Amino acid sequence: MRSKGFTLLELLVVIVIIAMLTSLVVIGVTYAMRTSRISNTRAMLGTIKGALENYHTRWRDYPP
């Protein structure tokens, strides 16, 4: 009578599949974090640019 269980090979295949899926998720999250930081920096620079333009319009010069 055979026991009802998984072989070592089947367990290793499942572990490899889970590891590959996990690495894909980590790569995706890393990419998303990097692009969000870039977008955030661009937005901040746009805000600073607008503030400098407002200052220049009002005082006809840029701040020291």
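Where does arginine 60 lie? In this predicted model, arginine 60 lies in the segment after α1.

The secondary structure of the chain amounts to one helix and zero strands. The chain is also more spread out than a compact globule, because its radius of gyration is 27 Å, well over the 11 Å that the globule rule gives for 64 residues. The C-alpha trace tells of its extent: along the principal axes it spans about 90 × 15 × 10 Å.

Helix α1 covers residues 8-59. Its length was checked against expectation. At 1.5 Å a residue, the 52 residues of α1 should span 76 Å. A pair of residues gives another view of distance along the chain. Lysine 49 and glycine 5 are separated by 44 residues in sequence. In space, their C-alpha atoms are 66 Å apart. Lysine 49 belongs to helix α1. With a relative accessible area of 54%, lysine 49 is exposed, because the cut-off for that class is over 50%.

Burial was examined next. Of the 64 residues of the chain, 0% count as buried. The accessible surface comes to about 6400 Å². Carbon and sulfur atoms account for 69% of that surface.

Part of the surface forms a nonpolar patch of about 500 Å². Leu9, Val13, Ile17, Leu21 and Leu24 make up this patch. In general, an α-helix has 3.6 residues a turn, so residues three or four places apart point the same way. Leucine 9, one of the patch residues, is found in helix α1. Its relative accessibility is 62%, so leucine 9 counts as exposed.

The search of the whole structure finds one aromatic pair. Tyrosine 55 and tryptophan 59 form this pair, and its geometry is tilted. Why is the pair classed as tilted? Tyrosine 55, at 33% relative accessibility, counts as partly exposed. Tryptophan 59, at 52%, counts as exposed.

The description ends where the helix does. α1 is followed by arginine 60. The phi of arginine 60 is near 60°, a positive value in a residue other than glycine. Is arginine 60 buried or exposed? At 69% relative accessibility, arginine 60 counts as exposed.

Key: Residues are numbered from 1 along each chain as its sequence is written. This is a predicted model: local features need pLDDT of at least 70, side-chain atom pairs count only at pLDDT 80 or more; totals for chains, interfaces and linings use all residues. Side-chain values use heavy atoms; hydrogens and water are left out. Rings of Phe, Tyr and Trp (its six-membered ring) pair if their centres lie within 6.5 Å; planes under 30 degrees apart count as stacked, over 60 as edge-to-face and the rest as tilted. Helices (H or I, at least four residues) and strands (E, at least two) are DSSP runs, numbered from the N terminus. Buried means under 20% relative accessible area, exposed over 50%, partly exposed in between (1.4 Å probe, protein chains only). The radius of gyration is taken over C-alpha atoms; the globule rule is 2.2 Å times the number of residues to the power 0.38. Accessible areas come from the Shrake-Rupley method with a 1.4 Å probe; for residues, only the protein chains shown count as cover. Patches are made of residues with over 30% relative accessible area and no salt bridge: like charges are joined within 9 Å, nonpolar side chains (Val, Leu, Ile, Met, Phe, Trp, Tyr) within 5 Å. A salt bridge is a side-chain nitrogen of Lys or Arg within 4 Å of a carboxyl oxygen of Asp or Glu. The expected span of a helix is 1.5 Å times one less than its number of residues.
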